[in-house]
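Have the sequence and the model open while you read.

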Amino acid sequence: MTLPEHLTIHEGHLYIGMHDCNDLAKEYGTPVYVTDEEKLRQNFIRYNDALKAHYSDVQLLYAAKANGNLSILKIFASLGAGADVFSSGELHLALLAGIPPEKLLFNGSSKTHDDLRVAVEKGVRISLDSFDELKQLDKIAGELGRIVEVSFRVNPAIDVPTHPKIATGLATSKFGIPADQIVDAYRAALECENVDPVGMHCHIGSQILDVTPFVKEMEVLLKVAGEITKMGVHLKFIDIGGGLGIAYDHEKEVAPTPKEYADAVMPVFIAGIQKLGIKPQLWVEPGRNLVGDTTILLTRVNSVKTSHKKFVNVDAGFNLLIRPAMYGSHHDVIAVGKADEEKTEEYTVTGPICETGDILAENRKLPELESGDVLAILDTGAYGYSMASQYNCRPRCPEVMIFEDRHGIMRRGESVVDIVNTMKRLPWHEK
Ligand SMILES: *Cc1c(COP(=O)(O)O)cnc(C)c1O
């Protein structure tokens, strides 16, 4: 297995950066998410540089839903990132992190009246997902005396090779406005008094390991751009969304690099806009590719059992990492203190949740394990903590950041008291 460069093995122990994972597990307890700041920075710079090598006017909007920790948002903000936000909560986080409103795009197919109002008040651009939403936004902006800049989310009707639950640009998807209505949507926006259509937005899905669908997406967007430019829309930005995947199975999978992605997509973009005589900013919304491989989840073995096969029961389950249960995703697993030992056994790694589907990793070759051993679940920086729940009344675990020789808590673990405190006694139950 070739490990990502920030994970190394010294004297049989797995290290993240300069830190022995067994020591981190001891210091912070388990389960715990551990993120490498240096790797976050490298990932951002690599992605940004790859695109800017082709076209200088590129803005990265980090997809905050992949990992919404404020420390992570602040690091990206300091590197010049904007953010793709999908709720008022994420909008709030992005502003708290110091991302300026003009670098944000408020996305979503089902925004509330309050979401729209907050976005207008904060001066954030909005990606509209329906004619109905356009009408509502025009009214809200009018009431607030503002002109709002918007994009429409285009449904490009593209099939992508990924898990069906994370393909978002299919003709049948709930997202976006179909190609045969998109020009009418821009026309309707031009007729609105308080809305200015200046952008075009699209996102075809997640964990895509082939660059071809992104090229097809770009071709669809340029075609629409041609039609609406003729109609009088002055495009300030074209936002191609995120979706570039990462290798999770380090033995079998290869992911295109951001450079390969940029080298495929950017020439098409540049040729297209030159032909149209327009010079929009290019917006890109990577999530997983920036954070996925920066983080490991450390979990301790509670017990080992042999029934029809060997199970290793650990203290993290789909409450903390739902991807395997939800998408059948693969995450590599390393026995932190036995990283050099021969993998003589085959285990299925199961969590503590009262569900048959609570499996983190199935049929994996690992060294012989015993109660107390710590396992690292790799590549858990994207859609890990951000999709965690309190199922089975399990408080969510802490998140730790490392940087060079330092380490610290960037989110404390919850307690059962935190959970209990949100519950109220009903008036008719009071004596
Ligand atoms: C989820 C999402 C992204 C990020 O997707 P990744 O696969 O994590 O890069 C970008 N844009 C939108 C609109 C999204 O919903």
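Strand β4 (residues 32–36) and strand β14 (residues 295–306) run antiparallel and are joined by four bridges. Strands here are DSSP runs (E) of at least two residues, numbered from the N terminus, and two of them pair if DSSP finds at least two bridges between them. Bear in mind that this is a predicted model, where local features need pLDDT of at least 70, side-chain atom pairs count only at pLDDT 80 or more, and totals for chains, interfaces and linings use all residues. Residues are numbered from 1 along each chain as its sequence is written, and side-chain values use heavy atoms, with hydrogens and water left out.

**Partners of β14**
- β14 gets to β15 through a hairpin of three residues, and T306 stands opposite K310 in β15.

**Around S151**
- You'll find S151 in strand β9 (residues 148–155).
- S151 counts as buried because its relative accessible area is 0%; the cut-off for buried is under 20% (1.4 Å probe, protein chains only).
- Leaving aside residues up to four places away in sequence, S151 touches L105, I126, S127, L128, G199, M200, H201 and F237, where contact means heavy atoms within 4.5 Å.

Technical notes. Buried < 20%, exposed > 50% of the residue type's maximum accessible area, 1.4 Å probe, protein only.
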